[in-house]
Amino acid sequence: MPRYKFRMMGLPPNQGTKSVNVPKEASCKDTKNLLRNAYKIHQALVIQLIYKGQPISDNDVFSKKLNDLGHKPEKDTITIITQQAGGWIFQ
Amino acid sequence: MARYARHLSLEGWDQDVISSSHVLIVGIGALGCEIAKNLALVGVGNLILIDMDTIETSNLSRQMLFTDNDRGRLKAEVAKEKLKILNPDVSIETYTQKFQDLPMSVFEGVDLIAGGLDSFSARFALNRLAHELCKPYVDGAATGFKGNVQVIIPEGDPLLKDATPCLRCFFPIPPADEKVYVACSIPGEPRSREQCILKAEDEFVKEHGIHKEYSDKELDMIAKIASRLSKESPHTKAEEFMPHEVENIIENKIPSILTVNAVISAIVSHEVLKILHRLSGLNIGEIMSPSYLEYSSSYGIFTPVEISKDENCAVCGKERVKLSLKMKSDSTFADMLSSLKKEGVDLKETVLITKIIDGSVIAAPGQDIMGSRLSDLPIQNRDILRATYTSVDENGKLKREQAEFIIEMEG
């Protein structure tokens, strides 16, 4: 299972950077659910994943999209942003 | 001018520019109160406040324009009274309905828009409106111990130079319809605690009618229904529900603290002041770049985040809603679905259709409206609608998709 390096904004680097296994066929939305658990992200926050300044759409297959964007698994970091959802997220 | 004496020696500052400005503030809650207070004290000459809510007890710990005696009154009207005390020079207009229901003339005269909204769908609607009118929009949001500010500059204003990504660039598929989508997709057994609560509310409404707010007793009744549903469903553990948890979910009450709101509002307010000067060809500082800033109070960290403008963005990109359906006034809902299918959007049966401007539901799964005439549904000419539907990808997995289209009525 491919392993990706994530950096959650708003946390110090030693707490915000984590490597997480993401199944090859997982969508971006599936990946966000994995990250919600890994980082214990509050249900009132919506998650967005950014790589090279580009948000990754929920329906994209995560590994394919990153590959298309030229992501290097051992080197590059994917940014996690959480934002007020205006309510509670039911993913 | 003596009131503003300390501003006058600020490099590049022009109090006349500020005094003649028109700023629209949408949402007079925790952020909106602070933004309105900042802009009134600094001397912004014309403020337009929009908020349809009334003041509740839980607002008083964060919304400094309101006090105990104001409970039950309209936020926009009370804010106007308090702001006039803070600075009698400021002219203030108020509107106490949804901004989506206001005539365009309200927005056309403003120099820029500041948003302190608590709903994603409202923020997206405001983002679209700002782009249609080519107005800068400074959006603030705060939840718990964190918040963010995004400055949105639309294309086309030579004084503001570079356009920045809009909210929709950031969230190509907005989470706005999440609650409605989930509520509509649980005709059977609920599969999570949240779904138990939403389904319990649905049962309660069927028996007791729609409530704008729930009393403690009513929340307790909904909690009891949710507990029963949790026991009945094979997908959930038999769990008990507390009234405060029910209230948080169905009334979208999110954690919030005034310190974070004050930080975010101060940044929003200062960006507003910089943009107002820029619009007059003056400069008191660069507009925030990158245009998105996140603040975490837990660690005292500000993080600017680079986001690229999405060329395919449905609001500000080249791919703005292009799909336009020309329908006759006697066309039915089924005719509309057929027209969409011809355009390559096959919605099949499970479909949620909402109006972009206010998120109101036109069609939900399970409703039998195929034979209904479009003229009998709450659709106006030139409305932009969003269909949320599921399709199956090449791996056989269900995925959620959205399509947006404009309805043009003929005859």
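**Exercise 1.** How many bridges join β6(B) to strand β7 (residues 292-296) of chain B?

*Solution.* Begin with the ground rules. This is a predicted model, in which local features need pLDDT of at least 70, side-chain atom pairs count only at pLDDT 80 or more, and totals for chains, interfaces and linings use all residues. Residues are numbered from 1 along each chain as its sequence is written, while chains are lettered from A and ligands numbered from 1 in the order in which they are written.

Strands (E, at least two residues) and helices (H or I, at least four) are DSSP runs, numbered from the N terminus. Two strands pair if DSSP finds at least two bridges between them.

Now the count: β6(B) and β7(B) run antiparallel and are joined by 5 bridges. Within β7(B), B:E294 is the bridge partner of B:N148, and B:S296 is the partner of B:K146.

**Exercise 2.** Which strand of chain B pairs with β6(B) over 7 bridges?

*Solution.* Look for strand β5 (residues 137-143) of chain B, which pairs with β6(B) in the antiparallel sense. One of the links is B:T143 with B:K146. Next, find the turn: the two strands form a hairpin with 2 residues between them, and B:G144 in that turn has a positive phi of about 55°.

**Exercise 3.** Is strand β6 (residues 146-152) of chain B largely enclosed or largely open?

*Solution.* First, the term: a residue is buried if 20 or more other C-beta atoms lie within 10 Å of its own, exposed if 12 or fewer, and partly exposed in between, with C-beta atoms placed from the backbone. In β6(B), 7 of the 7 residues are buried, so the strand is largely enclosed by the rest of the structure.

Then sort the residues by direction. B:K146, B:N148, B:Q150 and B:I152 point one way, and B:G147, B:V149 and B:V151 the other way. In a regular strand the side chains alternate between the two faces of the sheet.

**Exercise 4.** Which strands of chain B stand at the edges of the sheet?

*Solution.* Write down the order: β3-β2-β1-β4-β5-β6-β7-β8 (chain B), an open sheet of 8 strands with mixed pairing. The edges are β3 (91-95) and β8 (301-305) of chain B; each has a single partner strand, so one side of each is left without a neighbour in the sheet.

**Exercise 5.** In which order do the 5 strands of the open sheet in chain A come?

*Solution.* The order is β2-β1-β5-β3-β4 (chain A), with mixed pairing. At the edges stand β2 (17-21) and β4 (54-55) of chain A.
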